[in-house]
Amino acid sequence: MIGRTLASVGAVCVFAALVVPTGDESEDGTFFVPKPSAAGGNASQSGGNAGWYGGDHTLTRQSDGHFYANTSVDGASVRMMVDTGASVIALTGSDAAAVGLYWDDSEVRVIGSGASGPVYGVETRLSEVEIGGMVRRNVDAVIIPEGLGVSLLGQSYLRQVGGVEIADNRMVFRAN
């Protein structure tokens, strides 16, 4: 089981490394470019899910070709690799524990499939995920107890931002 999970994660990382070209590495990998919203202050997304900070958030491509976001998940700091192909946020077992999420081994089941076969984990929901002032609440996620080297920022968060653009070794999250 662990071998298949590691192979699946490895295949995803190899695919991402081949698709995303490399670029310059910044000192800390992320910086914030505030831009006030038209309303001045917090804007809110319809549906009342959470208020947005009025600005954009920019990540710089790292030397390994990936973008990493310093996030706050339920108040805990978690560094995640942006994975636009992941349907949900995927937390490593250690990051999930740091956030305060716990699971029993009996809860681990097949939650998806990768290039090498089934991926095992536990479905969960995160109360709050914040990146650069952009807060989303009740965000779907999975915990991958073993075999995932870095937590992944997937579409359960990304689809809720106004837009995601990649240009000149920068990824910009646009506020709604």
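Let's start with Asp56, which sits in strand E4, residues 56-60. Helices (H or I, at least four residues) and strands (E, at least two) are DSSP runs, numbered from the N terminus. This is a predicted model, in which local features need pLDDT of at least 70 and side-chain atom pairs count only at pLDDT 80 or more, while totals for chains, interfaces and linings use all residues. Residues are numbered from 1 along each chain as its sequence is written, and side-chain values use heavy atoms, with hydrogens and water left out.

Asp56 counts as buried because its relative accessibility is 9%. Here, buried means under 20% relative accessible area, exposed means over 50%, and partly exposed lies in between (1.4 Å probe, protein chains only). The side chain of Asp56 makes a polar contact of 2.5 Å with that of Arg174. A polar contact is a pair of N or O atoms within 3.5 Å; within protein, one must be able to donate a hydrogen and the other to accept it, and residues adjacent in sequence count only if both atoms are side-chain atoms.

## Salt bridges

Side chains of opposite charge can pair when their charged atoms come close. Searching the whole structure turns up five salt bridges, each defined as a side-chain nitrogen of Lys or Arg within 4 Å of a carboxyl oxygen of Asp or Glu. One of them joins Asp56 to Arg174, with the closest N and O atoms 2.5 Å apart. This pair ties together distant parts of the chain, since Asp56 is in strand E4 and Arg174 in strand E13 (residues 170-174), 118 residues apart. With a relative accessible area of 25%, Arg174 is partly exposed. Asp56 and Arg174 also belong, together with Glu165, to a network of salt bridges.

Another salt bridge brings together the side chains of Arg109 and Glu123, at 2.9 Å from N to O. Here too, distant parts of the chain are linked: Arg109 is in strand E8 and Glu123 in strand E9 (residues 117-131), 14 residues apart. Arg109 counts as partly exposed because its relative accessibility is 42%, whereas Glu123 is exposed, at 53%. Glu128 and Arg137 form a salt bridge as well, 3.1 Å from N to O. Both partners are partly exposed: Glu128 has 27% relative accessibility, and Arg137 has 34%.

## A negative patch on the surface

Turning to the surface, you will find a patch of negative charge where Asp104, Asp105, Glu107 and Glu146 gather. Patches are made of residues with over 30% relative accessible area and no salt bridge, with like charges joined within 9 Å and nonpolar side chains (Val, Leu, Ile, Met, Phe, Trp, Tyr) within 5 Å. Asp104 belongs to the loop between helix H2 (93-99) and strand E8 (109-114). Asp104 counts as partly exposed because its relative accessibility is 43%.

## Two buried residues

Ser151 is placed in strand E11, residues 151-153. At 0% relative accessibility, Ser151 counts as buried, and its side chain has a polar contact of 2.6 Å with the side chain of Asp95.

Thr92 lies in strand E7, residues 89-92, and counts as buried at 6% relative accessibility. From C-alpha to C-alpha, Thr92 and Ile143 are 6.0 Å apart in space, and they are 51 residues apart in sequence.

How values were computed
Areas by Shrake-Rupley, 256 points an atom, 1.4 Å probe, with all protein chains shown as cover. Lys, Arg positive; Asp, Glu negative; His and termini not counted. Charge placed at Lys NZ, Arg CZ, Asp CG, Glu CD.
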